[in-house]
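Subject: Structure handover

Hello,

Here is the structure you asked to take over. Please have a look at it first, then read the notes below.

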Amino acid sequence: SLRVREEGKVRTALFFAFPPHSPSAALIFLCTVLSMDLFEDIGLGYVIAAVVIAAVIAWLWLSSSPSRPPLRTTPSVSNMGAGSKTSSGAAGVKQPAAAKKKASAGDGPRVKILWGSQTGTAEDFAEQLAAQARQLKFAPESIDLEDYSAEDLGDEECPVVFVMATYGEGEPTDNAKEFYDWVSDSSNESDLAKLKYTVFGLGNTTYEHYNAVGRLVDKRLKELGGECFYPRGEGDDDSSLEEDFMAWKKDLWPALCKLVGLEFHMEEEADPVPRTRLVETADVPPEKEHSLGSRTGFGFDQKKPFIADVVVNKELHSEGSDRSCRHIEFQVGDKLPYQTGDHLGVFARNSTSLVQHLAERLGVEALLDKGITLFPIGQNTGKALLGPVTLRTALTQHLDITTPPRKALLRALAQYTTDAEEKAYIMTISSLKEDSLPPERQYNTWVKANRRTVGEVLDALPNLKPPLGHLLELLPALAPRYYSISSSPLLHPGRIHITCVITQFNTGTGRLHDGVASTHLRTLIPKEGEKPPSMPIFVRRSQFRPPTKAETPLIMIGPGTGIAPFRGFIQHRPLAAKGAPLGDSILFFGCRDRGIDYLYADELQTALEAKHLSDLSVAFSREQDRKVYVQHLILEQKERIWDLLNNKNAHLYICGDAAHMAADVRAALEKVLQECGGLSPQAASSYLSNLADKGRFSSDTWF
């Protein structure tokens, strides 16, 4: 018809005015043209031109796709008996899908290990399970939940082991969110009667919603008909995560063997064998190096970070402060959209001095600027697990050389010492149980509490000389660090602000420890007339959101850098309201001294004067003999808080330190509910939990 033909002409015009940004979009257009028989209207020349443009777009899309940063992979330290330790940091690079599939090939009974991981620990545990399964003659597959279709669960004929981390305040990890949404959907009526499964959950008891994801997955799989063939296990990252995991999987294997009719026989532990091959090259031009991120393309995330310019980086403390806190702004344009309350992930760099020291200890300082590539064993070309990069870039940008090495990494390195006493010491310090050991032979004291880096461990063991390739394979990937975004896109379109306290302290070994991300961020100072410094970043979606209705009151509690998201809230509310009246908003802030570390004091005063903030209560902890914190100010305003929560449907927010502040604030809030609402201690705790269930109580806390 004429209408259809005219629409075809319009679409053709739109194609040339706004060409599609992906090959699939171009193909959709071409199919539309062909299906509408428009040749006589738009002309064959236009069709040919469209095909050419689609091909060009496809080529540009593929060539400009951001490189994925190295993630974690199967560690080579997984063939362990019950008396050994696992590690959340035992592997530095992630195998491509083809390599994983090849590694999983075998003739034994199949088992699938599905994992949801944020920092790499759950993935590492999953890969260790896969390695031990191979030792027992299984044919395992370790699968990222992001690459698995939940709809296939009902047809699984082999056992499935879920390794599920809980992130933040009871949230699923990024790669498990789609699966979590599917399994938690109350309208989901899938039939999982065939499914035989078990779950190991990773969490932290400091948080209220300890292991919430693992528990929910277990509960829902049972409700949908699945059979849990081995009891769910839970690990506590606040104290004994590795020990919890090892204890749980000790009896997993007999249960799994019995389920599939396989005789259980655990072979003796052997020294881990490298699974990668290091290939050295003369040099790697900068444009050829494996890059973390890109400035071109779309759809940026943790696997494809955006390289953003730092355009503002200024000190927030006064000159009299013995600490430092920076206000930093990234220019992102339309490449990295975000919402108020989201988190910013940043890929930082290791200290140049640590890189140099480690290279010298390994005797490879002459190779720092030489090119390297890590390939799977038996492969010298094709898909690399790391590289091509210079060794300096690998140690600076890709691998974690600052975090204390986990026990499994230490056990894997023990084979490379020529001293029997050193080897015995390494095996002792990385053993499963250490309660009966003297402090100097305990991992938690000698390594963890002293925050020894892998370089310091090597320094203390002079006869330990691991080969460079195997060490690079074993080192964990340098994980991104997260910051609460301290701006609103409504007020600052195209820019993302963060508020970053600089981490610095002396370790038990006497080393001055500099936080990886904060120290790197502190150096990114833009200078007039020069190219601005840049950093790979991405946005992580958060549930920490201001109320959608302007009239809803809110109570914000955020001492120190906990003020960050609330700065964004205060910017957001009047602009989102578009002239509608604002409900009451109270901010409880805390710092040491008003003349030293009172963050954003002028902005907060301006917000008060503009009625964008109803009330501001600040606890200056060091200005009087008795220390005063935000929880004390909460009790001083207990009647008002009770009225806002119980009578005016206020939303309640806490942001900041999880180890102490969050627990103290919650205790103060429960006391308010008891004293003003007449609730029992148990009822007061339930009251806050019910607020959270209704979306009226949110926490954004960290260690």
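Two strands pair if DSSP finds at least two bridges between them. Strands (E, at least two residues) and helices (H or I, at least four) are DSSP runs, numbered from the N terminus. This is a predicted model: local features need pLDDT of at least 70, side-chain atom pairs count only at pLDDT 80 or more, and totals for chains, interfaces and linings use all residues. Residues are numbered from 1 along each chain as its sequence is written, and side-chain values use heavy atoms, with hydrogens and water left out.

Strand E19

E19 covers residues 554–557. It pairs with strand E22 (residues 651–657) in the parallel sense, over four bridges. Leu554 stands opposite His651 there. Four bridges also join E19 to strand E20 (residues 585–591), again in parallel. In E20, Leu554 has Ser585 as its bridge partner. Between E19 and E20 the chain passes through helix H19 (residues 564–577), and this β-α-β crossover is right-handed. Right-handed means that, with the strands pointing away from the viewer, the path from the first strand over the helix to the second runs clockwise.

Both faces of E19 are covered. Leu554 and Met556 on one side are buried, and so are Ile555 and Ile557 on the other. Buried means under 20% relative accessible area, exposed over 50%, and partly exposed in between (1.4 Å probe, protein chains only).

Salt bridges

The structure holds 31 salt bridges. Each is a side-chain nitrogen of Lys or Arg within 4 Å of a carboxyl oxygen of Asp or Glu.

- Arg232 and Asp218 meet at 2.8 Å, N to O. Arg232 lies in the loop between strands E6 (227–228) and E7 (233–236) and Asp218 in helix H8 (residues 212–223), so the pair ties together parts 14 residues apart in sequence. Arg232 is partly exposed at 33% relative accessible area, while Asp218 is buried at 3%.
- Glu242 and Arg406 meet at 3.5 Å, N to O. Glu242 is in helix H9 (residues 241–250) and Arg406 in the loop between helices H12 (391–398) and H13 (407–413), so this pair ties together parts 164 residues apart in sequence. Glu242 is buried, at 5% relative accessibility.
- Arg640 and Asp615 have their closest N and O atoms 3.1 Å apart. Arg640 sits in helix H22 (residues 638–647) and Asp615 in strand E21 (residues 615–620), 25 residues apart. Arg640 is partly exposed, at 30%.

There is also a network: salt bridges that share partners join Arg215, Asp218, Lys222, Arg232 and Glu234.

Which strand holds Asp700? Asp700 lies in E23 (residues 697–702). Asp700 is buried yet has no salt bridge. The nearest side chain of opposite charge is Arg540, 8.1 Å away. (Lys and Arg count as positive and Asp and Glu as negative; His and the chain ends are not counted.) The Asp700 side chain does make a polar contact with that of Ser484, at 2.8 Å. Such a contact is a pair of N or O atoms within 3.5 Å; within protein, one must be able to donate a hydrogen and the other to accept it, and residues adjacent in sequence count only if both atoms are side-chain atoms.

Ser488 lies in the loop between strands E14 (481–484) and E15 (495–501). Ser488 is buried, with a relative accessible area of 0%. Its side chain makes a polar contact with the side chain of Thr340 (3.3 Å).

Best wishes
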